[in-house]
Amino acid sequence: MNPRCLCGGKEWTTAFTYDAPPAGEVHFRFSAVANYHREVLRCPVCGHFVSVHAMDDSGLYQEDYVSANYGRDGVRKAFERIVSLPPEQSDNVGRVRRILDFAASHLVAPAQEGRAPTVLDVGSGLCVFLHRVKAAGWDGTALDRDPRLVAHARNVVGVRGVCGDFATVEDLGRYDLVTFNKVLEHVRDPIGILARAVKFLHPAGFVYVEVPDGEAAVSEGPGREEFFIEHHHVFSAASLALLGARSGFTVRVIERLREPSTKFTLRAFLVPRMLKLG
Ligand SMILES: [Zn+2]
């Protein structure tokens, strides 16, 4: 049965059908099968995309995701390759610059309290993001499901590392900023995940969300990486706004960009919604 859209819609049109992995898609154990079949569906109301298939990907983030993506060179080599990219070729440099710019106008508590601003990066992966914001004076915490990535965050990047699933984790403390850098497209229930960010956020803090932009990528066809199998969701500007609103946030900014890596990306700055009482 097809899922409900973030807008509440139940009707979908078929955007792409795959009977073999598209060129460039990582071969995971669950998807390296003879009867590979997958469809990317598009919501005619809000323009959101979902990827649907019957292959069993339930164990993907326990071990296979990191092994399949970084197995050959290892996590550290992949990290070092990315952090040594020239700034104009680095998606991460642009991301950090934009976040620091927003924080400069939005975050006042750390300076008032004479402390470093704090950030929780959910799905920290190679930790290139925290590496760079740490260099800018932030106090970073990495959360990831794979213990190899958590060890890398602690030992190589030098930040606090927590191994866990954001869907269930507790007692992480509160932060000025919670970031989801290309994370929410990987989960089946992005509203349920994003809604949990409120409990780890200082009341005057903000959330940064970055997701693949299907609305822009669709014109370049089914081979675009935005539509690869590890992405359950591929967003439109409208569906990213709905995700923020339905997760309990007010959307401050949504932007669309083409990154140096050629990725089509949407990003949003969100603040906790103020509840009107009485
Ligand atoms: Zn929709």
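Here is a friendly walk through some salt bridges, strands and loops of this predicted model.

The model is predicted, so local features need pLDDT of at least 70 and side-chain atom pairs count only at pLDDT 80 or more, while totals for chains, interfaces and linings use all residues. Residues are numbered from 1 along each chain as its sequence is written, and side-chain values use heavy atoms, with hydrogens and water left out.

Me: How many salt bridges does a search of the whole structure find?
Reply: Side chains of opposite charge can pair when their charged atoms come close. Here a salt bridge means a side-chain nitrogen of Lys or Arg within 4 Å of a carboxyl oxygen of Asp or Glu. Searching the whole structure on that basis gives a count of 20.

Me: Which residue forms a salt bridge with Asp165?
Reply: Asp165 is partly exposed because its relative accessibility is 29%. The closest N and O atoms are 3.7 Å apart, and the partner is Arg145.

Me: How many residues apart are Arg196 and Glu170, whose side chains meet in a salt bridge?
Reply: The N to O distance in this salt bridge is 2.8 Å. The pair links distant parts of the chain: Arg196 is in the loop between H7 and E8, Glu170 is in the loop between E6 and E7, and their separation is 26 residues.

Me: Which residue in E2 is the bridge partner of Thr13?
Reply: E1 and E2 run antiparallel and are joined by 5 bridges; two strands pair if DSSP finds at least two bridges between them. They belong to an open sheet of 4 strands in the order E1-E2-E3-E9. The edge strands, each pairing on one side only, are E1 and strand E9 (233-234). Across from Thr13, the partner in E2 is Arg42.

Me: What is the phi of Cys127, which is not a glycine?
Reply: Most residues other than glycine have a negative phi, and most peptide bonds are trans. Cys127 sits in the loop between strand E4 (118-122) and helix H5 (128-135). It is buried because its relative accessibility is 1%. Its phi is positive, at about 70°.

Me: Where is Lys182, a residue with a positive phi?
Reply: The phi of Lys182 is near 55°. Lys182 counts as buried because its relative accessible area is 18%. Its place is in the loop between E7 and H7.

Me: Leaving aside neighbours within four places in sequence, which residues is Val198 in contact with?
Reply: Val198 lies in the loop between helix H7 (190-195) and strand E8 (201-212). At 33% relative accessibility, Val198 is partly exposed. With contact meaning heavy atoms within 4.5 Å, the partners of Val198 are Arg174 and Phe249.

Notes
Helix = DSSP H or I, 4+ residues; strand = E, 2+ residues; numbered from the N terminus. Buried < 20%, exposed > 50% of the residue type's maximum accessible area, 1.4 Å probe, protein only.
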